[in-house]
Amino acid sequence: MSTEKPTESAGTTATAVSRYLRFWNCDPGPDQTALAATVFHDDVHYLAPLGEWRGVPHLLELSARFAEHLGDVAFIARREPEVLRDRARLRWEIVRGDDSFAEGTDLITVDQDGRIAEVITFLDRAPVGAEAHPQAGGRA
């Protein structure tokens, strides 16, 4: 049985989720690369409807492609993230200009160092036209 107090773990997880939101709102480049080292475990696993990625370099590449495709967007929490020890459920929205682009839910697992080890993404409301695109098949 763990001697760790639930509030300590939950606080670490909440901080990790806050940094995760900052990562997706940061422009690709040196600042985002530096931030990624504090947000993600080196071998982070990211599973989403469009593919699967493993490792910080692949998430940085995904973010750059995302920014290139969508331009200026905001990745925001739709409500306060729910935290249970080393896990979090983040309900998010991507806003582009004045329009809501997509909504989803990320299930996040945080390691003992406070970095994100795994993200599983579900789309609650896919972008218009998303069903016309085959899975991108990211890098695992």
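This is a predicted model: local features need pLDDT of at least 70, side-chain atom pairs count only at pLDDT 80 or more; totals for chains, interfaces and linings use all residues.
## Helix packing and strand pairing

Residues are numbered from 1 along each chain as its sequence is written, and side-chain values use heavy atoms, with hydrogens and water left out.

**Overall make-up**

The protein chain contains three helices and seven strands, where helices (H or I, at least four residues) and strands (E, at least two) are DSSP runs numbered from the N terminus. Along the sequence these elements follow the pattern α-α-β-β-α-β-β-β-β-β. Of the 140 residues in the protein chain, 36% are buried, meaning under 20% relative accessible area with a 1.4 Å probe and protein chains only, while over 50% is exposed and anything in between partly exposed. Among contacts (heavy atoms within 4.5 Å) with a separation of 6 or more, 48% are between residues 24 or more positions apart.

**The α2–α3 packing**

Two packed helices are described by the angle between their axes and the distance between the axes. For α2 (residues 30–39) and α3 (residues 56–70) the angle is about 140 degrees and the axes are 10 Å apart; the axes are lines fitted to C-alpha atoms over the stretch in contact, and angles run from 0 to 180 degrees between N-to-C directions. The crossing of α2 past α3 is right-handed, that is, the near helix is turned clockwise from the far one by less than a right angle. Gln 32, Thr 33 and Ala 36 of α2 make the contact with Val 56, Leu 60 and Ser 63 of α3. These contact residues divide into three nonpolar, three polar and no charged, where Ala, Val, Leu, Ile, Met, Phe, Trp, Tyr, Cys and Pro count as nonpolar, Asp, Glu, Lys and Arg as charged, and the others, Gly among them, as polar.

**Strand pairs**

Two strands pair if DSSP finds at least two bridges between them.

| Strands | Sense | Bridges |
|---|---|---|
| β1 (residues 40–48) and β2 | antiparallel | four bridges |
| β1 and β7 (residues 116–125) | parallel | four bridges |
| β6 (residues 99–110) and β7 | antiparallel | eight bridges |

Tyr 46 stands opposite Trp 53 in β2 and also opposite Val 119 in β7. β1 and β2 form a hairpin with two residues between them. In the hairpin of β6 and β7, five residues lie between the strands, and Gly 114 in the turn has a positive phi of about 85 degrees. Leu 107 stands opposite Ile 120 in β7.

**Two arginines**

Most residues other than glycine have a negative phi. Arg 85, in the loop between β4 (82–84) and β5, has a positive phi near 55 degrees, and this residue is exposed, with a relative accessible area of 55%. Arg 91 lies in strand β5 (residues 87–96). Leaving aside residues up to four places away in sequence, Arg 91 touches Ile 76, Ala 77, Arg 78, Arg 79, Glu 82, Gly 104 and Thr 105. The C-alpha atoms of Arg 91 and Asp 106, 15 residues apart along the chain, are separated by 6.4 Å.
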